[in-house]
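Colleague: I have a model on screen and would like to learn how to read it. Please take me through it feature by feature.

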Amino acid sequence: MIRDLRELLSNESEIQPIADILSGPDVDLKRGAIARLAKVADRPSVAMLQKALSDTSPEIQFYAQSALSQIEEARHEAIKTASERVEGSPMSAAAHRSLG
């Protein structure tokens, strides 16, 4: 629980500077912010990436779309792996927990 709270606070303190970067004019900084958001891949990160899809720079739109595609692919793969665990061991509680 405390670890989750620390993570939440850490993510919250990182989000505002990234939001500031994404609203600024520097394309290189925006690319770096998008890369960071893609690594975090939590709900607020996805929301900011979705917002970046309407950036004035086509380059930033491309990077945001690529990041969202990577996140979607990783989540799909995680779901597939968890489903396979359950199919292989339908009575395993650990396999069911891996579904989330």
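Modeller: Start with the order of elements. From the N terminus on, the protein chain runs α-α-α-α-α. That makes five helices and zero strands. Helices (H or I, at least four residues) and strands (E, at least two) are DSSP runs, numbered from the N terminus. This is a predicted model, where local features need pLDDT of at least 70 and side-chain atom pairs count only at pLDDT 80 or more, while totals for chains, interfaces and linings use all residues. Residues are numbered from 1 along each chain as its sequence is written, and side-chain values use heavy atoms, with hydrogens and water left out.

Colleague: Where is confidence lowest, and where is it highest, in the protein chain?

Modeller: pLDDT is the predictor's confidence in each residue, from 0 to 100. The protein chain averages 83, and 75% of the residues score at least 70. Helix H5 (residues 93–97) is lowest, at a mean of 61. H3 is highest, at 95.

Colleague: How do I read the angle at which the axes of H2 and H4 cross?

Modeller: Axes are lines fitted to C-alpha atoms, for helices over the stretch in contact, and angles run from 0 to 180 degrees between N-to-C directions. Angles under 35 degrees count as roughly parallel, over 145 as roughly antiparallel, 65 to 115 as roughly perpendicular and the rest as oblique. Here the axes of H2 and helix H4 (residues 58–88) cross at roughly 10° and come within 9 Å. H2 and H4 are therefore roughly parallel to each other.

Colleague: Which residues in H2 and H4 meet?

Modeller: Contact means heavy atoms within 4.5 Å. From H2 come Val27, Lys30, Arg31, Ile34, Leu37 and Ala38. They meet Glu59, Ile60, Tyr63, Ala64, Ala67, Gln70 and Ile71 in H4. By class, this contact has nine nonpolar, one polar and three charged residues. Ala, Val, Leu, Ile, Met, Phe, Trp, Tyr, Cys and Pro count as nonpolar, Asp, Glu, Lys and Arg as charged, and the others, Gly among them, as polar.

Colleague: What span should H4 have?

Modeller: The expected span of a helix is 1.5 Å times one less than its number of residues. With 31 residues, H4 should span 45 Å. Its end C-alpha atoms are 45 Å apart, which agrees.

Colleague: Now burial. Is Lys30 buried or exposed?

Modeller: Buried means under 20% relative accessible area, exposed over 50%, partly exposed in between (1.4 Å probe, protein chains only). Lys30, in helix H2, counts as buried because its relative accessibility is 5%. Leaving out residues up to four places away in sequence, Lys30 touches Ile21, Leu22, Gly24, Pro25, Asp55 and Ile60. Ile60 is also one of the buried residues in H4, which include Ala64, Leu68 and Val86. Across the protein chain, buried residues make up 25% of the 100 residues.

Colleague: And Lys39, buried or exposed?

Modeller: Lys39 is found in helix H2 as well. Lys39 is exposed because its relative accessible area is 70%. Lys39 and Ile71 are 32 residues apart in sequence and 8.4 Å apart in space, C-alpha to C-alpha.

Colleague: What is the phi of Ala41?

Modeller: Positive, about 55°, although Ala41 is not a glycine. Ala41 lies in the loop between helix H2 (27–40) and helix H3 (43–52). With a relative accessible area of 21%, Ala41 is partly exposed.
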